[in-house]
Amino acid sequence: MQPFHVLILIVIYFGILIFVSYLTGKEDSNDSFFRANKSSPWFLVAFGMIGASLSGVTFISVPGDVGTGMFGYMQVVFGYLLGYMVIAFVLMPIYYRLNVTSIYEYLGDRFGMVSHKTGAAFFFISRVLGSAFRLFLVTSVLHEYVFKHWNFHFPLTVVISVALILIYTFKGGVKTVVWTDTIQTLLMLVALVVTIVLIYSEMGWGLGDFIGSDAIKKYDKIFFFEDILAKNHFFKQFLGGMFIAICMTGLDQDMMQKNLTCKSLKDAQKNMVSFSVILIFVNFIFLLLGALLFVYAETKGIKVPIIDGVVKTDLLYPEIALNSDLGLPVAIFFTLGLIAAAYSSADSALTALTTSFCIDFLNIEKRPEHTQKRTRKKVHIGMSVLMVLVIICFYYVLNQSVISGILTVAGYTYGPLLGLFAFGILTKFKIKDHLVPYVAIGSVLVCYIIANIPSNYLGGYKFGYELLIVNGIFTFLGLILIRRK
């Protein structure tokens with residue numbers, strides 16, 4: 001595909017999203033922006049959350065992971081299912097009972113103002129860095145293959161990308177995001193199906209030929225029980241997946257804000273349960289696609305891309321979609337699916353950051369009513385500017401090793417949230433509220449040190465997703481130490 005063709009796809013894609021925002025943003029109120037007037041159909045939220053859960057990185061990484069981890073990622077996905085049940089039947093009743101707009105209001109109600117601000121700050125840091133990095137990746141690709149063709153500088157590409165998100169979320173907020181996520185999920189699933197169908201056709205297979213063939217057997221191992229010290233052991237991956245779901249969905253304002261727009265707790269629970277079941281199926285199909293891609297590449301003599309001497313299995317899907325003989329339909333839908341996967345997480349993140357900052361830090365609901373909408377719009381623009389600046393810093397100021405370290409620390413920020421919410425739900429203790437930030441920061445630092453201990457010092461043990469649980473435990477223990485008598 002030529003840069004001009006990709007640009008046309010981008011224009012059509014964002015044209016549709018802006019039209020949706022026009023229809024959903026007519027009310028332009030804070031209640032609509034923050035809570036979608038509590039009127040979102042649960043099935044629409046459930047379908048849209050699939051796209052929000054699959055970022056642009058995941059869209060190409062899950063199929064690529066089959067080359068190294070086979071179907072072992074399903075161990076994590078099965079853990080997700082249990083985690084989503086905890087969200088539906090433990091966390092959601094609390095959020096709906098308190099009628100919160102930001103989920104971190106629970107921490108203020110349970111412990112005090114400092115705990116409330118601490119929880120919101122940890123979310124804020126993690127979401128800014130994580131979302132900026134996802135946008136950095138997709139913006140870098142768009143810059144390299146599209147905008148660089150017209151001699152655009154990278155900062156201008158970033159400004160254009162973020163400005164487009166700002167435009168279609170500016171008035172409708174989460175009410176718009178619920179609908180745009182649905183469109184973006186549909187594009188990703190269409191890209192998945194089109195790729196599978198055309199590879200099947202190219203290989204001359206029937207529907208069940210590949211699944212029952214010997215070709216898939218080298219990739220289809222799901223469960224790993226052999227080595228408890230390894231990262232991919234079943235129990236480590238399953239428990240890690242469970243707590244990733246609890247933390248990165250149930251304790252994340254970005255993911256929960258859409259759930260809180262449902263009409264009732266019962267609707268929100270139906271949304272979460274149905275979403276979790278569908279997500280298992282979708283992830284399995286992505287892994288099946290991964291096996292299909294590796295078999296197709298081997299049959300057609302297509303080599304896995306190598307960059308700087310390192311084999312990049314993540315790039316096999318784009319390599320086949322854009323440069324093989326599968327034809328233009330695969331290239332078009334892959335491009336649309338990748339853009340949709342990237343921007344479906346970015347638009348909801350920008351909305352959630354605006355919501356959290358307005359509710360958790362500015363206490364916007366306590367301000368004079370005539371200033372609330374204006375304040376929200378200023379914050380939304382401010383969050384967009386912040387996102388632009390962080391992405392540009394990633395590109396010009398920080399090297400890859402520094403970025404990797406920052407994102408690792410950002411990932412640890414969910415541990416203190418896990419500890420705070422668990423302590424609030426499982427105990428009746430009050431705590432010395434002003435000491436909570438020290439406990440949370442201390443927990444992150446301790447976990448960062450533990451994660452960087454060479455495995456030979458730990459008898460060959462390698463930390464994986466379970467480090468999140470350890471982080472939460474450290475926070476929980478720290479809160480016990482600062483409990484009030």
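Okay, let's start with a kink: helix α5 bends by about 40 degrees at Leu91, and a proline, Pro93, follows within four residues. Bear in mind that this is a predicted model. As for the helix itself, α5 runs over residues 73–98, so to speak 26 residues in all. From its first C-alpha to its last, α5 reaches 36 Å, close to the 38 Å expected at 1.5 Å a residue. And just after α5 you'll find Asn99, with a positive phi of about 55 degrees.

Ala36 isn't a glycine, yet its phi is positive, near 55 degrees. Asn37 lies in that loop between α2 and α3 too, and again we get a positive phi of about 55 degrees in a residue that is not a glycine. So, are these two buried or exposed? Ala36 is buried, at a relative accessible area of 0%, while Asn37 is partly exposed, at 24%.

Now let's walk on into helix α3, to Gly48. Gly48 is 11 residues from Asn37 in sequence, and their C-alpha atoms are 18 Å apart in space. With a relative accessibility of 2%, Gly48 counts as buried. What does Gly48 touch, leaving out residues up to four places away in sequence? Asp181, Thr182 and Thr185.

Leaving out sequence neighbours up to four places away, Ser344 touches Gly51, Ala52, Leu54, Asp181, Gln184 and Met188. Ser344 is buried as well, with a relative accessible area of 0%. One more distance for Ser344: its C-alpha is 9.7 Å from that of Ile165, and those two are 179 residues apart along the chain.

Side chains of opposite charge can pair when their charged atoms come close. How many salt bridges does a search of the whole structure find? It comes back with 10.

The one I'd like to show you is Arg376 with Asp28, at 3.4 Å, N to O. Arg376 is in helix α15 (residues 369–396) and Asp28 is in the loop between α1 and α2, so this pair ties together parts that are 348 residues apart in sequence. Both ends are tucked away: Arg376 is buried at 0% relative accessible area, and Asp28 counts as buried at 10%.

Then there are a couple within single helices. Arg35 and Asp31 form a salt bridge at 3.4 Å, N to O; they are four residues apart in α2, so about one helical turn separates them. Here Arg35 counts as buried, at 14% relative accessibility, but Asp31 is partly exposed, at 35%. Over in helix α12, residues 265–300, Lys270 and Asp267 are three residues apart, again about one helical turn. Their salt bridge is 3.5 Å, N to O. This time the lysine, Lys270, is partly exposed at 34%, and Asp267 counts as buried at 15%. Coming back to Arg376 and Asp28, salt bridges that share partners join Asp28, Lys373, Arg376 and Lys377 into one network.

Last stop, the surface. Phe4, Ile8, Ile12, Ile16 and Trp150 make a nonpolar patch of about 460 Å². Ile12, one of those residues, lies in helix α1, residues 3–24, and is partly exposed, with a relative accessible area of 48%.

Definitions and conventions: Residues numbered from 1 in each chain as written. Predicted model: local features only at pLDDT ≥ 70, side-chain atom pairs only at ≥ 80, totals over all residues. Heavy atoms only, no water. Helix = DSSP H or I, 4+ residues; strand = E, 2+ residues; numbered from the N terminus. Expected span 1.5 Å × (residues − 1). Bend = angle between axes of the 7 residues up to and from the residue. Patch = residues over 30% accessible without salt bridge, like charges linked within 9 Å, V, L, I, M, F, W, Y side chains within 5 Å. Areas by Shrake-Rupley, 256 points an atom, 1.4 Å probe, with all protein chains shown as cover. Salt bridge = Lys/Arg side-chain N within 4 Å of Asp/Glu carboxyl O. Buried < 20%, exposed > 50% of the residue type's maximum accessible area, 1.4 Å probe, protein only. Contact = heavy atoms within 4.5 Å.
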